[in-house]
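Good morning, colleagues. Please take a moment to look at the sequence and the structure on the screen.

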Amino acid sequence: MFVSVILDPGGEESARQMAEILASYGFEKAQRACWESASVNDQTLAKLKQELDRVTDYYDAIRLYQFPVEGVMAVTVLAKKKWKRIVVRPPATT
């Protein structure tokens, strides 16, 4: 699956640690705070989230855009040390 990770670090140290983790998982830096990979599976993504959670604190924020997840796009957000997932579905047709 394709995964794009947007980082909003609360400090320089956590920014460096998050970037190192993403690089070690094969992500490529697309922009200043955006990392991308087209070859991530569910197991790898779960491990990545654990690694990122380990180095983040209350002031760090991360957004993960994943496609496809059951045929739709999912957005997973880490904010204030809590993960939340939003599944984006196409509008229902009548």
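Predicted model: local features only at pLDDT ≥ 70, side-chain atom pairs only at ≥ 80, totals over all residues.

The protein chain contains 2 helices and 6 strands. Read from the N terminus, its elements follow the order β-α-β-β-α-β-β-β. The radius of gyration is 14 Å, close to the 12 Å that the globule rule gives for 94 residues, so the chain is as compact as a globular protein of that length. Along the principal axes, the C-alpha trace spans about 50 × 25 × 25 Å.

Let me turn to contacts and surface. Among contacts with a separation of 6 or more, 52% are between residues 24 or more positions apart. The accessible surface comes to about 6200 Å², and carbon and sulfur atoms account for 51% of that. As for charge, there are 13 positive and 12 negative side chains, with the centres of the two sets 6 Å apart.

Now the interior. Buried residues make up 31% of the 94 residues. Which residues touch the most other members of the largest nonpolar core? That core has 16 residues, and those in question are Val3, Val5, Leu7, Leu22, Phe27, Leu48 and Ile62. Two or more residues each come from strand E1 (2-8), helix H1 (12-24), helix H2 (42-55) and strand E4 (61-69). H2 gives the most, with 4 residues.

I close with Phe27. Leaving aside residues up to four places away in sequence, Phe27 touches Val3, Val5, Leu22, Trp35, Glu36, Ser37, Val40 and Leu48.

How values were computed:
Residues numbered from 1 in each chain as written. Heavy atoms only, no water. Rg over C-alpha atoms; globule rule 2.2 N^0.38 Å. Buried < 20%, exposed > 50% of the residue type's maximum accessible area, 1.4 Å probe, protein only. Contact = heavy atoms within 4.5 Å. Areas by Shrake-Rupley, 256 points an atom, 1.4 Å probe, with all protein chains shown as cover. Lys, Arg positive; Asp, Glu negative; His and termini not counted. Charge placed at Lys NZ, Arg CZ, Asp CG, Glu CD. Core = buried A, V, L, I, M, F, W, Y, C linked by side-chain atoms within 4.5 Å.
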